[in-house]
Amino acid sequence: MNVTDHVVFATRVETIQFPDTDRLNAELCDLLDRRPELDDRTHPDALNLLVLAETVPAIARLREMFLRGARHWLQAEGIAGTDGVDLLLFSNRMGPGDSTIAHNHKTDLIGIYYARTTVTDRPPFSAADGTDYFEAGDGVLVLHDPRFNANQTTVCHHDHIKIFPRPGLMLIFPAYVWHSVTSHRGDFHRLSFAMNFTLRWPAGPAQPHSWT
Ligand SMILES: [Fe+2]
């Protein structure tokens with residue numbers, strides 16, 4: 001008898017803790033505190049914060065950090081040959097009691113960067129030790145298992161992971177992963193940024209088609 005186990009359809013979630021981000025985070029928080037209208041919740045496409053990259057150095061630096069993260073994710077996944085990437089940057093400024101319901105993004109990859117969060121001494125990534133799904137915590141990012149209805153089978157015991165944010169932490173993961181944020185309990189505005197990465201691919205041969 002020859003038994004082989006295969007773990008298939010894994011989902012790559014990258015965490016990067018950037019060093020020396022105190023000044024950057026302070027500048028990003030100051031920007032959104034002075035101009036809260038930049039945190040446009042009507043629709044993520046409503047305002048691309050990258051329009052500020054030429055005039056706000058902190059936004060330009062954040063863009064470079066996101067690009068480093070995305071390059072690393074693509075390299076680790078063995079994806080090459082893209083023609084470039086379209087970028088959409090937006091913020092999530094949460095007041096006391098705010099939360100974000102489960103959602104995903106219409107793009108290829110998502111990046112998240114935390115500028116101001118509740119301080120925690122928990123490791124940022126919870127998958128190894130397991131967590132109670134219904135324990136709300138404080139501004140915890142929950143990544144939901146992207147396998148369809150994975151939580152509805154009794155043979156699945158890892159149907160979510162929790163990320164315990166901290167300033168300077170970045171995540172990169174596929175955009176199909178549903179995610180939510182539990183209530184922010186601090187008496188300050190929690191601030192994170194999200195980047196949508198939409199990959200561009202070289203154009204293939206034209207295939208004109210007429211409907212007539
Ligand atoms: Fe999101």
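1. Tyr113 stands opposite Met170 in strand E7. Strands here (E, at least two residues) and helices (H or I, at least four) are DSSP runs, numbered from the N terminus. This is a predicted model, in which local features need pLDDT of at least 70, side-chain atom pairs count only at pLDDT 80 or more, and totals for chains, interfaces and linings use all residues. Residues are numbered from 1 along each chain as its sequence is written, and side-chain values use heavy atoms, leaving out hydrogens and water.

2. E4 (residues 109-116) pairs with E7 (residues 169-174) in the antiparallel sense over five bridges; pairing takes at least two DSSP bridges. E4 also runs antiparallel to E9 (residues 190-200), with seven bridges, and there Arg116 stands opposite Leu191. Seven of the eight E4 residues are buried, meaning under 20% relative accessible area with a 1.4 Å probe, protein chains only.

3. Now for the metal. His103, His105 and His179 each coordinate the iron ion through NE2, at 2.0 to 2.1 Å; donors are N, O and S atoms within 2.8 Å of the metal (3.2 Å for Na, K and Ca), and sites may look incomplete because water is not among the atoms. His105 lies in the loop between E3 (100-103) and E4, and His179 in E8 (residues 179-181), so this pair ties together parts 74 residues apart in sequence. Both His105 and His179 are buried.

4. Finally, have a look at Phe66. Among the residues that Phe66 touches are Leu89, Tyr113, Met170 and Phe193, contact being heavy atoms within 4.5 Å.

Definitions and conventions. Buried means under 20% relative accessible area, exposed over 50%, partly exposed in between (1.4 Å probe, protein chains only). Lists of a residue's contacts leave out its neighbours within four places in sequence.
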